[in-house]
Amino acid sequence: MIKETLANWRSSHLGRLLSESLRKQGWLYGVAMVAMIVVAATTAGTAWMMENIVNAMTTPEMKSQVYLIAAAVVGLFLSKAVASYIQSIFLARAGNRIIAVQQERLYNKLLKRGVGFFAETESSNLLMRVTHGAQAARRLIDVMVTSFVRDALTLVGLIFVMIYQEPVLSILFFFVGPVALLSVRYILKGVRSIMQSEMKALSEIIKVLQETSAGIRVIKVFALEDNMTDRMNGAIRSVEKRANSISRLQSIASPLMELLAGVAIAGVLIISTLDITGGEPTSAGQLMSFITALLMAYEPAKRLSKMRVVIETALVPVGMMFELLDQEDPMVESVNPEKLKSGPGEIRLNNVTFGYQGEQKVIRDMNLTFEAGKTTALVGQSGGGKSTIFGLIMRFYDPDQGKVEIDGQNLVDVSFASLRRKISYVGQDTFLFSTTVMENLRFARPGATDEEVIEAAKAAHADVFISQLPNGYDTQVGENGAFLSGGQKQRLAIARAILRNAEILLLDEATSALDAESEALVKAALDKLTENVTTIVIAHRLSTVLQADTIMVVQDGEVIEQGNLDALIEHNGTFRQLFDQQFKLPGS
Ligand code: ADP
């Protein structure tokens with residue numbers, strides 16, 4: 001039973017966070033907790049000392065002890081100051097470590113997620129979870145440790161002083177406590193749901209900002225400023241409203257406690273004059289000590305009463321963070337992955353069926369062979385499934401049925417690293433990191449010398465424009481290559497592929513952003529690159545695929561025609577129609 005409860009608690013977000021953090025940052029918390037015990041003891045000690053202080057001032061025979069008492073007071077406050085300092089420092093260090101550890105874990109986990117996950121998850125949502133989640137984790141542990149150790153112990157110490165000095169009056173105080181606790185229960189209701197909608201609104205703010213930055217041209221050209229302002233204001237106001245609701249709930253606790261404390265003190269004053277105990281008369285010192293303890297108990301009691309609210313508000317982002325950490329991606333490496341063996345590079349799709357979502361199939365029972373060392377072109381209407389075939393070959397996705405093989409090895413069995421080392425890919429959009437041209441190219445082959453990089457750039461006919469940039473190869477390209485044109489970015493992507501020099505080359509509309517002259521030049525470089533390399537080219541401009549060894553026409557997830565150029569023209573089918581559309585002059 002106890003074991004079960006403990007297991008449940010551990011599996012809850014709170015328990016899990018605490019047990020993980022205390023285990024990993026144990027000694028930091030250990031030191032902080034020892035300091036907290038000292039703080040609690042010195043606080044109670046101060047209240048207790050009040051008896052001696054007042055008595056020393058009011059009774060002539062104790063006057064001689066004034067210096068001793070004064071020294072003790074200084075000692076007590078000094079210990080408290082030192083302990084408070086140590087507690088803050090160590091708590092902060094442990095907390096900052098927790099943020100760092102959680103963010104590292106989250107990022108490592110994210111990097112392992114498949115392409116599909118990123119297609120489905122908004123980046124603002126990820127940002128939210130990684131930043132707020134880790135911050136909330138720290139806040140949660142801070143409040144738990146501080147409340148449970150320092151505040152609870154301080155309260156126990158002060159209650160002890162109260163009982164010791166004035167047992168009867170203390171009973172009154174104990175009536176006040178439960179009333180305060182009941183009021184907090186009311187506050188807790190609703191905090192969690194308000195918090196959830198606040199998180200949603202916060203991530204909307206990030207999303208609007210991201211879209212403003214990425215889509216500023218579209219926003220300007222379609223005059224969407226008002227629309228964007230409305231979206232942003234909506235999100236900002238929603239956060240404001242939620243934050244106000246939470247503050248309102250949090251603010252109820254303090255005044256309520258204050259009111260109760262006031263009533264309690266008034267009660268103490270009246271009852272102490274009634275002398276209901278009939279025993280030894282209470283000294284002024286004892287009464288002062290009691291009242292001091294009561295007043296001092298107010299702060300920790302207030303924090304304890306608020307603790308649950310703080311925990312509830314932090315639990316939502318922490319829960320979202322754990323969700324991200326726990327989700328298993330369906331696209332995982334097999335347990336003991338084989339290495340993709342070095343081979344000629346024949347790619348085969350065997351009875352492959354695939355859909356991104358549910359029943360909607362994008363590839364239907366496809367059987368294809370891409371011959372080793374040859375160039376195959378994929379043509380056909382957009383949306384037919386050509387890029388999806390690339391996604392399957394790079395194992396961004398696994399087929400729902402059937403298998404994809406390279407030289408007879410099923411991709412599901414091979415390691416991601418050995419597969420992707422073998423492939424060069426130039427996509428429709430070139431992604432550039434926000435660094436220099438040189439570094440952006442070198443990503444294709446870390447360790448390549450500057451000369452090798454420049455050689456590849458020359459082959460891709462990128463060298464001329466790079467040399468004209470303000471700092472040549474050391475020019476920063478801006479966020480996702482903002483300082484470069486589409487055609488320039490594409491030539492950098494081709495230079496990357498040349499530098500990588502892999503055994504399989506996948507080109508998805510790789511020259512679509514180039515003008516006719518550049519395309520002809522780049523094509524010559526690509527032709528050299530594709531010699532003896534298994535190459536698959538997707539292109540809408542048929543001029544770029546005419547020399548392919550095989551051309552396949554893809555439509556609605558199936559290959560409807562395949563053969564060399566002559567055979568397909570002869571066949572007089574869909575390819576012939578496409579060919580005529582692009583090459584025949586009107587009326588001829
Ligand atoms: P092509 O390259 O021939 O233009 P694609 O392979 O890009 O075609 O797309 C085939 C189909 O798959 C299209 O209907 C497209 O809408 C859909 N699709 C592509 N990517 C995704 C995705 N990540 N999630 C859901 N559907 C997708």
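In β8, Ile-536 is the bridge partner of Leu-506. The model in which this pair is found is a predicted one. The pair belongs to a parallel arrangement in which strand β7 (residues 504-508) and strand β8 (residues 534-538) are joined over 5 bridges.

These strands are part of an open sheet of 6 strands, ordered β6-β7-β8-β3-β9-β10, and its pairing is mixed. Because β6 (423-426) and β10 (558-563) each have a single partner strand, they stand at the edges, and one side of each is left without a neighbour in the sheet. On average, neighbouring strands here are turned by 15 degrees against each other, direction ignored. Helix α20 (residues 574-583) packs on this sheet, where it touches β3 (375-379), β9 (550-555) and β10. The direction of α20 makes about 100 degrees with that of β9.

A further open sheet has 4 strands in the order β2-β1-β4-β5, and its pairing is antiparallel. Its edge strands, β2 (363-370) and β5 (409-410), each pair on one side only. Within this sheet, strand β1 (residues 347-354) and strand β4 (residues 401-406) pair in the antiparallel sense over 5 bridges, and Ile-347 stands opposite Ile-406 in β4. Helix α12 (residues 386-393) lies across β1, β2 and β4 and runs at about 115 degrees to β1.

The wider region can now be considered. An unreviewed UniProt entry places the feature "domain: ABC transporter" at residues 347-581. Over residues 347-581 the chain is 34% helix and 23% strand, and the end C-alpha atoms are 31 Å apart.

Terms used: Residues numbered from 1 in each chain as written. Predicted model: local features only at pLDDT ≥ 70, side-chain atom pairs only at ≥ 80, totals over all residues. UniProt positions renumbered as here; feature names shortened; annotations may be inferred. Helix = DSSP H or I, 4+ residues; strand = E, 2+ residues; numbered from the N terminus. Pairing = 2+ DSSP bridges. Axes fitted to C-alpha atoms, helices over the stretch in contact; angles between N-to-C directions. Contact = placed C-beta atoms within 7 Å.
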